[in-house]
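I opened this notebook to keep track of what I looked up, one topic at a time. The entries below follow the order in which I went through the chain.

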Amino acid sequence: MKVSLRWLREFVDLPTEDPRRLTEVLDGLGIEVEGADELAVPFSGVVVAKVEAIRPHPSADRIRLVTIDDGSGGKEVVCGAWNFEEGATVAYATVGSVLAGGLAVGERKIRGILSPGMIASEVELGIGDESGGILLLDRGEPGEDFAEMVALPDVVFEVSITPNRPDAMSVHGIARELAAYFDVPVRPVTVDGSVGAGTSAVRVRIEDPAGCPRFTAREIAGVSVRPSPLWMRQRLRAVGIRPISNVVDVTNYVMVELGQPLHAFDLDLVPDETIVVRRASAGEALTTLDGVARVLDPADLVIASPDGVLGLAGIMGGGSSEVSETTTRVLVEVANFEPTGVLLSGKRHALRTEAVARFERGVDPELPPIASARATDLITKLAGGTVVGSLVDEYPGLHVPVTVELPEHEVERLLGVAIARETISGYLSRLGFVVAGADPMLVTVPSFRPDVSRPADLVEEVARLHGFDSIPARLPTGGGGRLPSEEVIRRSVRSTMIGAGYFETFTFDFSDIDEIRAFILDPEDPRGNAIRIRNPLSEEEAYLRTTLLPGLLAGIRTNQTRNRSEIALFELGTVFLRSAGELPDQPRQLAFASVGRVAGSSWEKTPNRDASDAIGMIETLFASLRTTYELEQRPCTGFHPGRAAAVMVGGRAVGVVGEVHPSVAEWFGLDGRVEAGELDTAGFSPRRSEFVAPSGFPPVVFDLAFDMDADAAAASLLDVIRRGGGERLERAVLFDVFAGPPLDRGRRSIAVRLTFRDAERTLTDEDLLPVRREITETVERELGGRLRGV
Amino acid sequence: MIRPDDLHAHEAATLASLEGASSTAEVDAIERVALGPDSPVTIARKSLRDANPEDRREVGMAVNAVAAALQAAFVESRHRLGMAEIDARLAAERFDMSLPGRAPALGAAHLVAQVWDEIVDIFVGLGYTVASGPEVETAYYNFDALNTPPTHPSRLESDTFYVEHGDDPEGVLLRTQTSPVQARWMESHDPPVYIVVPGRCYRRDAVDATHSPVFHQMEGLAVDTDITFADLKGTLEYFANAFFGSGRRVRFLPHFFPFTEPSAEMHVSCFACDGSGCRVCKGTGWIELLGCGVVDPNVLVSAGYDPTIMSGFAFGVGIDRLAMVRHEIPELRYFFDPDLRVLEQFQ
């Protein structure tokens, strides 16, 4: 909202008009100043003059010689405009004056006649865009400084008003706040509540008093609709409103001045001269002033005649009863509407008008008669006409003043600074509250402050005037902080992934169902049946993700299309799974995906990633999080059927790891083998590390190689070795795998290096013969593996 | 019988040939001959057994002296030549240290995650506990428990994502703030409360420079018997200095939020220009950082706390915004961009 300093001056005498200081004060009051625009005078040396005589130019038909009085005697100037006669009041650019754009005015000979200065138009003065003739003034005395007439210079503040402050949505309201801050009086709006002759035929019926607590109507007859005088146009332009006509300008003027939206109807276009305030019926139509034909919702409150809808209450009028140049009888509506209804209707019709901005905050219900009188006064002055009868004022929602008890101590309890009762009471009084009693104080809230109803609200008022800066700062000791274990695990997982060369990425939680199902290929997998957002931004963002992997695959594609070949991404995020509970299941997961060569230096060839890298990532993660796990090879949806495994912790599957199915990779447009994994981070439960002092005795080390079925899992061999090795087996490391001659087809050799050590004594080869035999026999019996000659 | 003169001659001859040795291998060869089984030193030593006492003494002393001298000479030569040989070998092993190295792979945490952890740690240091809750939340915890009237516009479908779950079409939603966690926490914990709630939130905003339907927020809440606006100021001033570097000035301007009364917006003096006005602060010298306030009594009441005894403060800060401001990230969308050219800059 824009507020001009000159306008503020009408209501308050400020001890300073320095824009920087006023910005600071307003900011400190909670009226955020987004900018202060200092409007300079675009001209100099221009005064008001009166046209005394006009005669033709002796040698030109299209121009005339005009004698004017500029307060310092008569002068004859040459003028090409014809839109004025003797007696007109004009803006005279004296010799030596400068007009808009830096045009210097001197004595110039025009068709043989010397013209000392000139009569100026709006465009020449730089105050408007009217160039069809000279600017005609409706007031001003010869010699008067013209800058003053157009209200320049001025400062226009752009302020942002919080949604709880309807009272500050006006010049008068901001003047009231400044007056309270500087502890100076604020002048009331001067109104003339006169009653006109005769009786108005206008009738008002409020059918929905909850939506419309008050409605006033005023009839003015005999108006003449034409452009407003310069001062009015200037004032509206300064605050960013385009002047339209005197009647409409007045409604805008009063709205800006008092914060009360109002509307003028052409009374002759209101059927039956009857106003009905009601809810719209379903399907009812209205073409609003912006020319848009709208279908109304039964929740929309409307202003109607018995014949149909005239306007959307508190939002925008309709075209059918619009004031125009032919209007002679005006009905001025000044009403009060319930805030939420206006807000919701405005949103429904995507109309954010100045009226909505005020009504949605809750306009003072006591304001309509005052605003109506102010508008009536201005209309009769600017457009002529006379008031007919008295004000129609339907007021079913009579305002009952609120009184709040404020214990003196409450201020210190909430603000942390002691403020004397007299000071508190002074602050509140300055803001328009009426304070009685001692402790508690009994504070009556003015009708323009619907946001105040509790002690805490009053404490805020006290704080605003006392100044937030004047409240001391204190650092409380807190309650003993800690990170919950899930947060610790999350951080640990993240640093492990980073250390393994993965980059963390963030993706949206919602996606295209096709993308989810491109990965969750198994129709039996519940993750393919993702939860839908009822009101998505688009179909591409309509379903809650059930797996993080599609997002990462899309991320790989992004990088591949940008010519990157080594890509490793991970994400820590939530997935959403259907559940019969109050809320969906929302496990927090880790997913990673990578493609391209394994890390090395830039000039050495390293191998391409394969499933082994994904397995290795899982090993590193579980080792760093001290959690025991197993991989169970099996087909997993979205993964290569022969290169995938479930990650098992305590017999429960907590995730999956492997190579992304080539068809899935193709769907996502990816090149190369994509290695990936996804885990529920709740699967990590770090055990306490236990310390065993290393033995000082030497180890016995020997290798065993078995000729085995190629499909037998390596893990099963290691398992047999660990079982057979007993407590003295310190390490069993698989160090060689090969297939081909001399082995038979379908066989492979797996070699393991075993390290044995005893805590108490030096072992001999003989000590281990039984162990060696036991392992060999078990491998042969259980796995069909034959010990190869070492 | 070898005489001492012979031994001295042998010593001189050996030392002379040692002079000419150019490698430790040559030294070894000379040593093998000079002190070997056929050398005068060994022969003389063997002959001592049968020699008469006088000869034994005379020749024995000479043998020992010559052997010791030669051994010392061999050690010295081997040392001298060994050093040179190592030098030569190492010189041949020269490696171009300007070649790119075989670095262990190093990824990066997302910048928002880094800022997230950093601000959480600041508050843990101040005695706060980290709380978390579900992203898909009930309308009750997201709105009702937080003093949001049933007709409040933030509940509109134009602003909030509703999720198809359960019977009530407006019963389950993607949380629009992390505040529901505060409500859940207060429901299950008695005061004092000192928590921070970092998390992901959702609003039905299209993506532009400063908006995204997905964003990250951290809320803080302190409720105790003696918590005032002064504590709010002290805490957030500490936070601003911890995050942006010491010497920051802060200011609090009155504002409006439904969960706090009084409410304020905190500005911090620009870390880039120290308040003189620059690109980062758009010339104002101040950066709008967060919203905060004294906890509204209605919120305490719905948590079952007595608002005449308990008081508190709350604040909410955009984690993305903190990251954008401090690292001068021009648009929010970069935080959801998987482009490695973006992510690598977060290292």
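This is a predicted model: local features need pLDDT of at least 70, side-chain atom pairs count only at pLDDT 80 or more; totals for chains, interfaces and linings use all residues.

**Entry 1: two helices in contact**

I began with helix 12 (residues 421-430) of chain A and helix 13 (residues 455-466) of chain A, whose axes come within 9 Å and cross at roughly 90°. I noted that this makes helix 12 of chain A roughly perpendicular to helix 13 of chain A.

I then looked up which residues make the contact: helix 12 of chain A contributes A:I424, A:Y427, A:L428 and A:R430, while helix 13 of chain A contributes A:L458, A:E461, A:V462, A:L465 and A:H466.

**Entry 2: an open sheet**

Next I turned to an open sheet of 3 strands in chain A, which has the order 1-12-2 and antiparallel pairing. Its edge strands are strand 1 (2-4) and strand 2 (32-39) of chain A, each of which pairs on one side only. Neighbouring strands of this sheet are turned by 25° against each other on average, if direction is ignored.

Looking at one pairing in detail, I found that strand 1 of chain A and strand 12 (residues 154-160) of chain A are joined in the antiparallel sense over 3 bridges. For A:S4, the bridge partner in strand 12 of chain A is A:V156.

How many of the 5 residues of strand 19 (residues 301-305) of chain A are buried? I recorded 4 of the 5 as buried, so strand 19 of chain A is largely enclosed by the rest of the structure.

On the one hand, strand 19 of chain A runs antiparallel to strand 16 (residues 274-279) of chain A, with 4 bridges joining them, and A:V302 in strand 19 of chain A has A:R278 opposite. On the other hand, strand 19 of chain A pairs with strand 20 (residues 308-312) of chain A, also in the antiparallel sense and over 4 bridges. There A:A304 has A:V309 of strand 20 of chain A as its bridge partner, and the two strands form a hairpin with 2 residues between them.

**Entry 3: A:L296**

Finally I looked up A:L296, which lies in the loop between strand 18 (293-295) and strand 19 of chain A. Is A:L296 buried or exposed? I noted A:L296 as buried, because 21 other C-beta atoms lie within 10 Å. Leaving aside residues up to four places away in sequence, A:L296 touches A:A280, A:E284, A:A285, A:L286, A:V302 and A:V309.

Note on methods:
Residues are numbered from 1 along each chain as its sequence is written. Chains are lettered from A and ligands numbered from 1 in the order in which they are written. Axes are lines fitted to C-alpha atoms, for helices over the stretch in contact, and angles run from 0 to 180 degrees between N-to-C directions. Angles under 35 degrees count as roughly parallel, over 145 as roughly antiparallel, 65 to 115 as roughly perpendicular and the rest as oblique. Two residues are in contact if their C-beta atoms, placed from the backbone, lie within 7 Å. Two strands pair if DSSP finds at least two bridges between them. A residue is buried if 20 or more other C-beta atoms lie within 10 Å of its own, exposed if 12 or fewer, and partly exposed in between; C-beta atoms are placed from the backbone.
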